[in-house]
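I opened this notebook to keep track of what I looked up, entry by entry.

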Amino acid sequence: MKPGTIVAAALLIILAALPLLTQAFDQRYLLSVGTRIVIWSIAAVSLNMILGYGGLVSFGHAAFFGIGGYAVGILSAEGIQSGWVQWPVALGASILWAALVGALSLRTRGVYFIMITLAFAQLVYYLASGLAGYGGDDGLNISRSRFSGLIDLRDKATFYWLCFALLCATLWFCGRLANSRFGYVLRGAKSNELRMMALGFPVFRYRLVACIIAGAFGGLAGILLANEGAYVSPAMMSWVKSGDLIVIVVLGGIGTLFGPLYGAIAFFALEEMLKPLLDLVHKGWGEYWQIVFGPLLVLVALYARGGMASLLKARG
Amino acid sequence: MEYLLIQVLNGVQLGLLMFLLAAGLTLTFGIMDLVNLAHGSLYMMGAYIAWTFVTWTDSFVLGALLALPATFALGMAVEAVVMRRLYARDHLDQVLATFGLILFFNELVRVLWGPAGKSIAVPPFLSRTIEILPGVPYPAYRFALIVVGAVVAILLAWLVARTRLGMLIRAGASNRRMIAALGVNIELLFSLVFGLGAVFAGLAGLMAAPISSVKIGMGDDILILAFVIIVIGGIGSIKGAFVAAMLVGQIDIVGRAFLPDLLKTVMPPASASAAAPAISQVLVYILMAGVLVWRPTGLFGQRA
Amino acid sequence: MSEPLLSTDRLVKRFGGLLATDNVTIDVRPGEIHALIGPNGAGKTTLVGQLTGNLTPDSGTIHFAGRDVTRLPADARVRLGLGRSFQITSVLREFSALENVALAMQAHDGHSFRFLADVRKNTARTDAARRGLAAVGLEPRATAAAAALSHGEQRQLEIAMALAGAPKLLLLDEPMAGMGAEESQRMVELLRGLKRQCGMLLIEHDMDAVFALADRITVLVYGRVLASGAPDAIRADPEVRQAYLGEETG
């Protein structure tokens with residue numbers, strides 16, 4: 001087996017056993033960090049489908065956190081607690097939004113694409129903060145979706161395992177997608193869009209479908225995020241969150257299957273580690289961990305192209 | 001009627017402020033093909049540096065005059081340390097690196113100036129109102145902002161249209177290889193343009209300080225607005241940035257001023273006043289989406 | 001005489017005040033190599049752009065394979081059987097030579113909205129692509145990344161990609177550009193061998209290649225058709241000689 005495969009398998013095994021581990025070592029807090037890592041990984045994998053394989057730099061992917069989350073939140077606030085209703089509605093809303101944004105944004109190229117996706121995400125952000133009936137800027141407390149008799153999402157370990165299973169499904173789908181006919185067209189269009197069109201591929205349609213798929217998985221992550229915190233707010237789709245998602249994908253290794261997972265783990269682990277590390281250097285400095293993290297991102301952008309996944313590849 | 005006039009003036013004032021911020025951004029974008037998310041950090045740094053100098057000299061004007069060269073030096077330093085290595089990279093690397101810079105500067109401000117916001121007082125000689133029309137008072141400081149903003153805009157227009165530097169800037173925005181062929185020291189040109197952009201951003205930050213407040217992250221949201229403006233105007237176009245800034249300024253202010261009353265006709269007053277600012281923001285983004293769908297490279301843009 | 005495969009009728013395209021294509025009427029018949037020559041700026045590229053569908057003519061019509069394709073988008077024309085190579089080499093640089101051809105074939109082989117089946121396990125697809133590479137003599141380089149191929153090899157790869165959908169007509173935009181004498185000779189042989197499969201519209205500056213290959217030649221000057229006919233007739237045409245001499249002395 002290649003070293004990349006071994007590392008990925010080991011990571012997945014650890015993640016699968018996380019609730020047991022945190023219970024054994026009595027580190028309940030780590031389970032909630034783990035849950036967030038898993039959910040963010042789903043979103044990052046979905047962003048990687050268009051960013052990594054499609055070369056489409058979307059700066060508005062966090063909008064799907066919000067749309068998936070608010071669909072659940074609004075239904076919950078209106079008294080509809082059933083996940084059987086909430087989840088399909090949330091996924092449908094995400095797909096609709098992805099189709100609309102994709103159809104309009106894919107007319108533009110390069111920086112304009114980056115900015116128009118950002119603008120659409122801001123639009124949802126401000127719409128949500130204008131929803132006075134649903135908490136406005138302050139957001140909305142909700143209760144977790146109910147799947148009566150099937151699964152109880154209020155149990156932390158159960159919820160974690162559900163998220164983990166969905167991450168595995170997302171990874172499986174993305175891996176298949178990358179090497180399918182569709183995936184090759186998407187990657188071909190990233191390599192040379194004009195050539196693909198000259199070959200007879202209606203590139204726009206393929207990209208639009210890619211955006212819709214990515215949006216659906218992004219919406220799924222939003223549903224889970226809303227359930228994780230039992231809370232939705234505009235902050236979950238601020239542009240900084242979209243930036244964080246890009247950081248995770250690039251940090252982990254753009255256009256690689258497990259890169260987004262590595263990136264998400266590194267992103268959250270860095271936060272958890274930099275704080276105590278800086279506190280160790282000087283009491284109180286931990287609070288300012290981003291003063292180290294920021295330049296770290298600059299260094300990654302300048303010198304670590306290919307991200308963490310390429311490190312594994314280089315060793316092998 | 002007077003209310004409308006005052007709101008339009010407020011829109012002009014916001015538009016000019018946004019133009020200062022957007023001008024530097026559109027120049028670095030157009031010439032160096034650089035997506036600089038950290039431009040908003042320079043706006044914030046300009047305001048904080050100004051606060052320090054104003055507090056130290058006890059004079060707004062003196063403080064501002066000291067803060068501008070300091071922001072220029074900061075801009076040149078950032079350019080030399082980070083930006084220079086990013087010009088040849090793709091946009092994704094630029095987004096990542098400058099996103100990192102935002103985190104750095106926000107945290108740096110917290111370390112140097114503390115987490116609490118600062119405020120800069122309106123200078124005494126401007127803390128009054130003037131009559132713009134008989135019987136229509138307007139805050140003198142805001143009026144001064146309009147004057148300064150307009151002067152800088154005219155200066156910039158002159159710089160770009162009439163000077164050798166401006167000729168190079170225009171040439172660079174439409175064809176980067178051409179300036180290399182002219183035998184110009186590109187490194188120096190890029191540094192200068194970046195520094196210039198930093199000064200404009202700093203100026204916008206310090207001028208905005210007395211009417212908003214000086215706080216961490218103050219550059220982040222306004223940066224997005226500045227990006228929207230240069231994308232609407234067309235990347236690299238000063239004229240486009242100006243037109244778009246004016247449009248956005250009007251939509252934002254007039255929207256905030258008149259939407260609540262308009263909304264109250266269709267929804268309860270409390271909801272209306274909560275929704276109005278959000279909707280006026282939304283209008284700005286709808287304008288941008290509309291422009292890009294209609295013209296994918298902005299109003300005055302050439303390159304994709 | 002057979003029905004023409006591709007024909008244009010009084011095609012006009014303006015750029016501002018410039019008449020880049022001025023009532024151009026040309027046709028290509030099946031199994032024929034029709035060469036289009038003309039000095040730089042004669043409007044060859046603009047004409048090609050309209051034929052491929054990247055530019056829309058201001059007036060006039062284009063018929064291909066019995067259909068009016070004047071308003072049809074580029075990718076739809078390709079699927080009708082209009083293959084093309086580019087003036088400036090355009091391949092998928094990150095993909096292997098084999099994958100380049102396989103993708104080109106995929107474009108003609110139904111839609112690609114299939115998300116789960118692994119194409120690398122599809123041996124029929126790989127074999128077909130390998131045959132496509134063999135047809136242009138590139139099979140030994142199948143696994144090399146397209147970016148690593150020599151210029152001449154990339155040109156060959158382009159032809160293989162253009163042939164992938166078994167096109168009825170090949171639009172070749174300066175296939176010999178940038179090639180050495182030996183490489184050009186190989187390309188001439190390759191194109192001559194392909195003549196039985198499909199008609200070709202050949203845009204080329206290399207006059208040796210043009211006269212070696214063409215059944216008919218059309219000369220384009222200032223967007224207009226100056227002359228059109230058999231190679232010998234074109235060679236003897238005084239107006240053509242003057243147009244070309246004019247370019248050389250001016």
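Which residue takes a positive phi in the hairpin of β10(C) and β11(C)? I looked it up and found C:Tyr222, with a phi near 50°, in a hairpin that has two residues between the strands.

Before going on, I noted that this is a predicted model, in which local features need pLDDT of at least 70 and side-chain atom pairs count only at pLDDT 80 or more, while totals for chains, interfaces and linings use all residues. Residues are numbered from 1 along each chain as its sequence is written, and chains are lettered from A and ligands numbered from 1 in the order in which they are written.

**Entry on strand β10 of chain C.** I took helices (H or I, at least four residues) and strands (E, at least two) as DSSP runs, numbered from the N terminus. Strands pair if DSSP finds at least two bridges between them. On one side, β10(C) runs parallel to strand β4 (residues 33-37) of chain C, to which four bridges join it, and there C:Ala35 stands opposite C:Ile217. Five bridges join β10(C) to strand β11 (residues 224-229) of chain C, and these two run antiparallel; C:Val221 has C:Arg224 as its bridge partner. I also checked burial, counting a residue as buried if 20 or more other C-beta atoms lie within 10 Å of its own, exposed if 12 or fewer, and partly exposed in between, with C-beta atoms placed from the backbone. Five of the six residues of β10(C) (residues 216-221) are buried, so the strand is largely enclosed by the rest of the structure.

**Entry on the sheet.** I then traced the open sheet of six strands in chain C, whose order is β7-β8-β9-β4-β10-β11, with mixed pairing. Its edge strands are β7 (82-85) and β11 of chain C, each pairing on one side only. The twist averages 15° from one strand to the next, with axes as lines fitted to C-alpha atoms (for helices over the stretch in contact) and angles from 0 to 180 degrees between N-to-C directions. Helix α1 (residues 44-52) of chain C packs on this sheet, and its direction makes about 150° with that of β8(C).

**Entry on the chains.** Here I used contacts, meaning two residues whose C-beta atoms, placed from the backbone, lie within 7 Å. Two pairs of chains touch, and the most contacts are between chains A and B. I found 40 residues of chain A in contact with 41 residues of chain B. On that side of chain A, α5(A) gives the most, with 14 residues.

For the other touching pair, 27 residues of chain C are in contact with 21 residues of chain A. On this side of chain C, α2(C) gives the most, with four residues. I looked for a link between chain B and chain C as well, but no contact joins them, and their closest C-alpha atoms lie 16 Å apart.

**Entry on a helix of chain B.** Last, I looked at helix α4 (residues 91-113) of chain B, whose 23 residues reach 32 Å from first C-alpha to last, close to the 33 Å expected at 1.5 Å a residue. The expected span is 1.5 Å times one less than the number of residues. Just after α4(B), B:Gly114 takes a positive phi of about 85°.
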